[in-house]
Amino acid sequence: MKCIIIGGGKVGITLAEQLCQENHDVVIMDASAKRMQDIPESIDALRIVGNGASIQAQMEAGVNEADILIAVTGSDELNLLCCLIAKKAGKCNTIARVRNPVYSKEINFIKERLGVSMTINPELTTATEIARLLRFPSAIKIDTFAKGRVELLKFKIRPQFKLDQMAVSALQNTLKSNILVAAVEREDNVYIPNGDFVLKDGDLVSIIASPQNAASFFQTIGLKTNQVRNCMIVGGGTIAYYLAKQLLAMKIPVRIVEKDPARCELLSQELPNATIICGDGTDRKLLLEEGLRSAEGFVSLTNMDEENLMLALFAKDQSSAKLVTKVNRLAFDEIIERLDIGSVIYPKYLTADYILQYVRAMQNTIGSNVETLYQILDDRAEALEFAIHEESPVTDTPLMDLNLKDNLLIGCIHRRERVFIPRGHDSIQVGDTVIIVTTQVGLQDIRDILK
């Protein structure tokens, strides 16, 4: 497929990198020559310096032959204009990044009248991810499938759970838990385990289960499963606004610390039920006076990664709160993981995942569609949800008889209103949605699970 990306920022570069890895023909355009020069040489994409809203520039990029145009500049209006021009100049699908809360209320109109195929709001997506974690604080990361009926949850094994040296097969037999261990991260290695795999303290384990079964499992091993009862947010930007709205709707009291008086005034008007504190979020005394020690959720959302990380470390030292930290740059992700500061959120990866999901679905055959896609395990594996529309070599055959690719796990099947973890005698049927976890990145059709 031919893909045009307008905007050479963090999201644009992440998208270009991942689309090139999947052997798409990628063109990336930005008005800044310097930004084009900063794109890593490893990304095999055509670089064009130009205004993405110019018909001439889009024609130079090949919009009349493109399958999809993705506009992810820093301006919502420019993104929408780029998509509108692309729709008129070519016949491609269009995706626009739209961040302003005002426009988020008008998404249906924008898609119908302007012909935009898909809009993505990184701040709203990030806020939704954080709210999910605060609703289930035991997990480091939560991804949802089958419209919320199935979850992929990551947690760290600690000595008090008594899971050390336990085989994966024993989890169901000993703990009577209806979950599936989908992946294990140990030091620098990633495993898609079989039943004989032995767990160790310190492992990062990803499980697949329904929300009810996941909660039951966590209760069995002694992990907290109820949502946080209050939350402190440092940084009053757009993510904080969206997050506070969702938490308040969940009846969770929210305190936001923001140093810009004008922004505090606006937040006070938009979020009358939240407590807005005008002050420096890096002031230790202020945080303690405002109740950090009694906070059950602590979210650092300033514009500086270093500040967010230091705030999380301070909150870890002073409280037992569920910690969520926003990080934009990925240069030191291995070091960040070793800090053990709970959940670290990378907004640009969340945005890229949603767009990649749409791109994969576009190029699928009629047989199956990628409904959901997540990059997991530090981008070394994927969790995908396929909708099965017609018969194929994988349908109506017991799973034990399928010649599956290595390092691939059929994690869950959603059939009508029933969600179940399949065993060897089960089979995939037309109408199912099937969740696959694999280190074989780039699957586009359910038939790709076969060797």
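This is a predicted model: local features need pLDDT of at least 70, side-chain atom pairs count only at pLDDT 80 or more; totals for chains, interfaces and linings use all residues.

**A first look around**

**Annotated domains**

- An unreviewed UniProt entry gives the feature "domain: RCK C-terminal" at residues 140-224 and 368-451.
- The annotation "domain: RCK N-terminal", also from an unreviewed UniProt entry, covers residues 1-124 and 228-345.
- Over residues 1-124, the chain is 43% helix and 22% strand, with 29 Å between the end C-alpha atoms.

**Nonpolar cores**

- The largest nonpolar core has 56 residues, and the members that touch the most others are Phe155, Leu163 and Phe217.
- Helix α10 (residues 238-249) is the top contributor to this core, giving seven residues.
- Apart from this core lies another one, of 42 residues, including Ile5, Val11, Ala45 and Phe386.
- What does Leu163 touch, not counting residues up to four places away in sequence? Its partners are Phe155, Ile157, Leu171, Leu175, Leu199, Phe217 and Ile221.
- As general background, nonpolar side chains tend to be buried together in soluble globular proteins.

**Helix α8 and its buried side**

- In helix α8 (residues 168-175), the buried residues are Val168, Ala170, Leu171 and Leu175.
- These residues lie on the same side of α8, because they cover an arc of only 140° around the axis.
- Strand β9 (180-186) and helix α9 (211-221) are included in what covers the buried residues of α8.
- Just after α8 comes Lys176, with a positive phi of about 55°.

**A closer look at Leu171**

- Leaving aside neighbours within four places in sequence, Leu171 is in contact with Leu163, Met166, Lys176, Ser177, Ile179, Val181, Leu199 and Phe217.
- Leu171 and Ala33 are 138 residues apart along the chain, and their C-alpha atoms are separated by 55 Å.

**The largest pocket**

- The largest pocket has a volume of about 1,100 Å³.
- It is lined by 36 residues, of which Lys154, Glu185, Leu204, Glu337 and Asp378 are the closest to its centre.
- Which element gives the most to the lining of the largest pocket? That is α14, with five residues.
- At least two lining residues come from each of β8 (150-156), β9, α14 (333-338), β17 (343-345), α15 (347-363) and β18 (368-376).

**The cavity**

- How many cavities of 30 Å³ or more does the structure hold? There is one.
- The largest cavity holds about 60 Å³ of space.
- Its lining is made up of Lys141, Ile142, Asp143, Leu152, Leu153, Lys154, Ser206, Ile376 and Leu377.
- β7 (141-145) and β8 each supply at least two residues of that lining.
- In general, rolling a probe the size of a water molecule over the atoms shows where empty space is left.

Technical notes: Residues are numbered from 1 along each chain as its sequence is written. Side-chain values use heavy atoms; hydrogens and water are left out. A nonpolar core is a set of buried Ala, Val, Leu, Ile, Met, Phe, Trp, Tyr and Cys residues joined through side-chain atoms within 4.5 Å. Buried means under 20% relative accessible area, exposed over 50%, partly exposed in between (1.4 Å probe, protein chains only). Helices (H or I, at least four residues) and strands (E, at least two) are DSSP runs, numbered from the N terminus. Contact means heavy atoms within 4.5 Å. The arc is that of the directions from the helix axis to the C-beta atoms. UniProt positions are given in the numbering used here, feature names are shortened, and annotations may be inferred rather than shown by experiment. On a 1 Å grid over the protein atoms alone, a cavity is a set of points where a 1.4 Å probe fits but cannot get out, and a pocket is an open set with protein on both sides within 12 Å along at least five of seven lines; lining residues have an atom within 4 Å of a point. Grid points are joined across faces, edges and corners, and a volume is the space filled by probe spheres set on the points.
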